[in-house]
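Me: I would like to go through the labels used for this model and ask what stands behind each one.

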Amino acid sequence: MIKNIVGSESVLNLFQKASANDKIVLIATEDETDFIKRFFHFFYKAEFQFRPIENEKFQNEQLKAFVVSQ
Amino acid sequence: MEIRSKLWHKFFFWAIPPLLLVLVYFSIGFYYENNDDVSRDYALRNPEHPILDFIVWIPIISDVLRRFYMLDPAFPFYSVFIYGMLLTSIYIIASFFFNRNTSEYNQMSWFFFLLIFIGAISENVMYLTYTRVAIILCGSIILKLIFSENLSRSQVIILGLLLLTASFIRLSCLNLCVLILAPAILIKYSQEGKSLLFRLSIIIAIFFISISFQIRETSQELDQITAIQKIHDFKYIDHDKIKDERGMLLLEAVYKWFYADTKIINADVLDDMLKDYSVGNIKADFKGDTFYFIGLVLRNYFFLLFVGLVLLIFFYKTLPKKKFLLLVCYYIYFWVMISFISLVLKSEERIIGPSILLFTIALLALVDVLSLFQWTTRQKVFQISLLLFLGLTVYKIKGRVDFNIAKRVKNETTLNVINDFSKGKVIMITSLGSHISFLDPFMYYPIYMGDTMVRLSGGLSFFT
């Protein structure tokens, strides 16, 4: 379904790939990471953790950079 | 002397529309209205993994633009294409003000055209949005084909091909234009009869070509489009009625940025949810939506409303009763239709604004412009009111420009930080869409759209 819009991977695949690769960094708000955790836990039984790095970088948008792990 | 005057007239006609675009760019600026156009633009530019397949956009345009981007990815071919189309429509609109006049009224014609440009067209120039351009161009070409008296067969065919290209920008916009202009076409047909048959047959042929493209597009992506429509329906569910965690998570996902997940963009899953919390065809919050629509029109389109009112009074004063009543029916038809579209389909400014503009241009095309000019020059109250509404419009535009510039500065800062931060890393962003709106369509931003891109609500997530 997603590839019909643009791209070719599901959101779950993206996060699984990110959790297996330290060089992949997520930029999001704290609120979003909290939601992502709950969403994947409920629908996929997948547990993701988000460790913030470089907090000060994106303060004007309340964005933070996170390393993803499972 | 007459020949010299005609030459000057021709010179002004060809020089003023592009000059106005340049003036708008340097005085108030051009802005991507949302993330749709900027995403397409940069996805097409991607040197290694371009994305050419977009919803409601015919791939032929992507293919052509892609070939240009292969020559130079930093050159704004997308913006040039969209503004080229917009410039064409401005020429066509301008032609309604001049072709039917004697040179005696040239200055007055230019004055009226400038009023319409500042009061109504400038908004569509300021914001680069393919939907706005598709509506204005399709509509102005249809009006030109129907109302222009001196078109050769070859000119009709060229306009027909241009209409087909314009419809490829967004197919459904041609449907909307036909809906808006159908009464004007019927009125003209009742006057001209068979002499319009050739031009009408061209419009009808293009309409059916466009419909055939739409059917093919819809059959390929029916499930996805159905799901997206259902996602919109979710916004009308009474939140307090949802008690289970699954429903709450899905609703939150719809509101947030998780459009793209198969759990959400699956029509069956959504159907199950909507069975429990049904939503009517006219959405639950009808009263709120109606007030929103009225407020939107009064707040943003008071200038065009006033022009429409002046035209109605002019029709009342100058036309036979039967013809006046026919035009009153057209007014009622248009406003009922656009209200219905707005309330049911949740249309936005980028659809409502160009639609009202097109309706006003259609009214102007139905008028004997020369007698309208003569009549308005005698109505001092209208002239003063028109200038007052124009002043208010300029004030409104200034407020918008201040807002746009503030957003652009903020977004450029964020993009610079992201670009700086992303060196040597792979970046996944949840809401980049909100950080790329309001950018300048003629500036090159080093935004790299990677080969993996997932569309999310209000933005895109992609790797750099």
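**Labels and cut-offs**

Me: What makes H5(B) count as mostly covered?
Reply: In H5(B), 16 of the 21 residues are buried. Buried stands for under 20% relative accessible area, exposed for over 50%, and partly exposed for what lies in between (1.4 Å probe, protein chains only). Helix H5 of chain B covers residues 106-126 and bends by about 50° at Ala120(B). That bend is the angle between axes fitted to the seven residues ending there and the seven starting there. Helices (H or I, at least four residues) and strands (E, at least two) are DSSP runs, numbered from the N terminus.

Me: What ground rules apply to this model?
Reply: The model is predicted, so local features need pLDDT of at least 70 and side-chain atom pairs count only at pLDDT 80 or more, while totals for chains, interfaces and linings use all residues. Residues are numbered from 1 along each chain as its sequence is written, chains are lettered from A and ligands numbered from 1 in the order in which they are written, and side-chain values use heavy atoms, with hydrogens and water left out.

Me: Which element of chain A has the lowest mean pLDDT?
Reply: Helix H1 (residues 2-5) of chain A, with a mean of 30; the highest, 89, belongs to strand S2 (residues 49-53) of chain A. The pLDDT is the predictor's confidence in each residue, from 0 to 100. Over residues 1-8 of chain A it is below 50, although this stretch has 27 contacts in the model beyond near neighbours in sequence. A contact means heavy atoms within 4.5 Å. Where pLDDT is low, the predicted coordinates should not be read in detail. For chain A the mean pLDDT is 75, and 76% of the residues reach 70 or more.

Me: Why is the pair Glu30(A) and Lys64(A) called a salt bridge?
Reply: The term asks for a side-chain nitrogen of Lys or Arg within 4 Å of a carboxyl oxygen of Asp or Glu. Between Glu30(A) and Lys64(A) the N to O distance is 2.5 Å, so the pair meets the definition. Glu30(A) is in helix H3 (residues 30-44) of chain A and Lys64(A) in strand S3 (residues 64-69) of chain A, 34 residues apart.

Me: What is the N to O distance between Arg132(B) and Glu33(B)?
Reply: The closest atoms are 2.9 Å apart, and the pair forms a salt bridge. Arg132(B) and Glu33(B) are buried.

Me: Why does Leu71(B) count as exposed?
Reply: Its relative accessibility is 69%, so Leu71(B) passes the 50% limit. Leu71(B) is in helix H3 (residues 59-71) of chain B.
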